[in-house]
Amino acid sequence: GQVTVTMTNVDTQAASLTNGYTYNAAPTVTAVNLNAGALAGGNTVTITGTGFVTGAAVTFGANPGTGVVVVSATSITVTVPAGAAGPVTVTVTNSDTQSGSLPGAYTYQAAPTVGSLNANNGAPAGGNSVTITGTGFLSGATVLFGANPGTSVVVVSATSITVTVPAGVVGAVTVRVTNTDTQFGTLAA
């Protein structure tokens, strides 16, 4: 909180400045709205917590974020830097050097890969269910067959997705899996 600052001379005369100094509590980090993203970084996230002050810095692991904007004492927007695969601690450090952290608050992820489909052909009407195998699939991933979105997408695991094939035109199409962090992998036609 704020305190009055008083200066007293040796002759006992004094002058005061009401609310002349503010003691700040250390910031806290409670959440990151988009808690995963590409190894290359570049996405903008919002950090929520308490005690953020203008001039605060943000790090993801050891890497400093860029474009830090302290929106309020409880909200910061920042552009995520590049990083290595895996979870990292997100730390907010105020200009008074006090900091707050949230371990594992952000996870760097590699792009998914699409290796194969258990059935690689079907009728133009679609409607058949296929299993896609690959790596790095995240819950909420979407699947495109050419330009047409698959339906009933179920991410069974990081290496398996089941999906209902949409209707399409006769011919081979590229299959694309896009994770919620916008990274994607394809299997060419």
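**View 1. An open sheet of five strands, ordered β4-β11-β10-β6-β7, with mixed pairing.** Welcome to a predicted model, in which local features need pLDDT of at least 70 and side-chain atom pairs count only at pLDDT 80 or more, while totals for chains, interfaces and linings use all residues. Residues are numbered from 1 along each chain as its sequence is written, and side-chain values use heavy atoms, leaving out hydrogens and water. Strands here are DSSP runs (E, at least two residues), numbered from the N terminus, and two of them pair if DSSP finds at least two bridges between them. At the edges of this sheet stand β4 and β7 (63-64), each pairing on one side only. Further in, β6 (residues 57-60) and β10 (residues 86-93) run antiparallel and are joined by four bridges. If you look for T59, its bridge partner in β10 is T91.

**View 2. An open sheet of four strands, ordered β3-β5-β9-β8, with antiparallel pairing.** The edge strands β3 and β8 (66-72) have a single partner strand each, so one side of each is left without a neighbour in the sheet. On average, neighbouring strands of this sheet are turned by 25° against each other, direction ignored (axes are lines fitted to C-alpha atoms, and angles run from 0 to 180 degrees between N-to-C directions). Four bridges link β3 to β5 (residues 44-50) in the antiparallel sense. Here V32 has I47 of β5 as its bridge partner.

**View 3. N33, in the loop between β3 (28-32) and β4 (36-38).** With a relative accessible area of 52%, N33 is exposed (exposed means over 50%, buried under 20%, and partly exposed in between, with a 1.4 Å probe and protein chains only). Leaving aside residues up to four places away in sequence, N33 touches V45 and T46, where a contact means heavy atoms within 4.5 Å. A polar atom of the N33 side chain lies 2.7 Å from the backbone nitrogen of T46. By contrast, Q13 is 20 residues from N33 in sequence and 54 Å away in space, C-alpha to C-alpha.

**View 4. The whole protein chain, with zero helices and 19 strands.** The radius of gyration, taken over C-alpha atoms, is 25 Å, well over the 16 Å that the globule rule gives for 189 residues, so the chain is more spread out than a compact globule (the rule is 2.2 Å times the number of residues to the power 0.38). Its C-alpha atoms fill a box of roughly 100 × 25 × 25 Å along the principal axes. Of the 189 residues, 29% count as buried.

Conventions
Polar contact = N/O pair within 3.5 Å; in protein donor to acceptor, adjacent residues only side chain to side chain.
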